[in-house]
Amino acid sequence: MIDIRRANERGQANFGWLDSKHTFSFGSYYDEAQMGFSALRVINDDTVAPSAGFGTHGHKDMEIISFVTQGIIEHKDSMGNVQTLPKGEFQLMSAGKGVFHSEYNGSDEQELKFLQIWIVPEETGGEPGYQQKDFGRSQGLTRIISPTGENGTLKIKQQASLSQLILGEGTSETISVEQDRNVFLHVVEGKLEVFGQELFEGDGMKITDSSDIEAINKGSGNATALVFDLP
């Protein structure tokens, strides 16, 4: 079974310095039919003006993933991390019993574009944590996040995983899905065909009761997507 969430159907908030598109209910945007999918609670597609950003604020009991598609994030948090997150890198912050952080556009000229993703943890409390890594741009499916941190992946406090899918023009990938698992596919760039449906940048697809998913690049140039394997 599939359910497509089109980019132009997402919620939107524009504060001048921030233009944010919400796949699921967030902030002042509420849709009772879009409260997340399995443990996946938030996908915000954020564009931040030069030199602007999110001031210091707190989170608790949430796994927070950031993926930069343009520009660079300047990150500071109450764990003592002062980091830069450039285009293509993944950041996973486990809020645990509580953490404060700020995220700013590191450029005074270029807009920052990034995906902010929240996954509800399997366990609450505990010490907060920070992980960051560049997994490259290899063709095919690359595991980014896993529950165990195997093979150099970032470790998440949930029975969930995240993979980066990159397909060259005219290529395809078959994604195997274990029984009783749910999959959410978010298109970052390009054009994909999945189950006979065309998906474009910003589109998402909820997938249940499937053993295999074939993704086909139907555009020119590379297509990139994030693939969430969820309980």
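**Close-up 1. The salt bridge between R137 and E189.** In this predicted model, R137 and E189 form a salt bridge in which the closest N and O atoms are 3.2 Å apart. The pair links distant parts of the chain, since R137 sits in the loop between β12 (129-134) and β13 (140-146) whereas E189 belongs to strand β17 (residues 182-189), at a separation of 52 residues. R137 is partly exposed, with a relative accessible area of 44%, and E189, at 31% relative accessibility, also counts as partly exposed.

**Close-up 2. The salt bridge between R181 and D229.** R181 forms a salt bridge with D229, and the closest N and O atoms of this pair are 2.6 Å apart. Because R181 lies in the loop between β16 (172-176) and β17 while D229 lies in strand β22 (residues 223-230), the pair ties together parts that are 48 residues apart in sequence.

**Close-up 3. The salt bridge between K113 and E111.** Here the side chains of K113 and E111 meet in a salt bridge, with an N to O distance of 3.7 Å. K113 has a relative accessibility of 26% and therefore counts as partly exposed, and E111, with a relative accessibility of 38%, likewise counts as partly exposed. A search of the whole structure finds 10 salt bridges, among them the pair of K113 and E111 shown in this view.

**Close-up 4. The open sheet of seven strands.** The seven strands of this open sheet follow the order β2-β3-β4-β11-β6-β9-β12, and their pairing is antiparallel. At the edges stand β2 (11-14) and β12, each of which has a single partner strand, so that one side of each is left without a neighbour in the sheet. From one strand to the next, the twist averages 15°.

**Close-up 5. The pairing of strands β3 and β4.** Strand β3 (residues 18-22) and strand β4 (residues 40-48) run antiparallel and are connected by five bridges. For S20, the bridge partner in β4 is D46.

Notes. Residues numbered from 1 in each chain as written. Predicted model: local features only at pLDDT ≥ 70, side-chain atom pairs only at ≥ 80, totals over all residues. Heavy atoms only, no water. Salt bridge = Lys/Arg side-chain N within 4 Å of Asp/Glu carboxyl O. Buried < 20%, exposed > 50% of the residue type's maximum accessible area, 1.4 Å probe, protein only. Helix = DSSP H or I, 4+ residues; strand = E, 2+ residues; numbered from the N terminus. Pairing = 2+ DSSP bridges. Axes fitted to C-alpha atoms, helices over the stretch in contact; angles between N-to-C directions.
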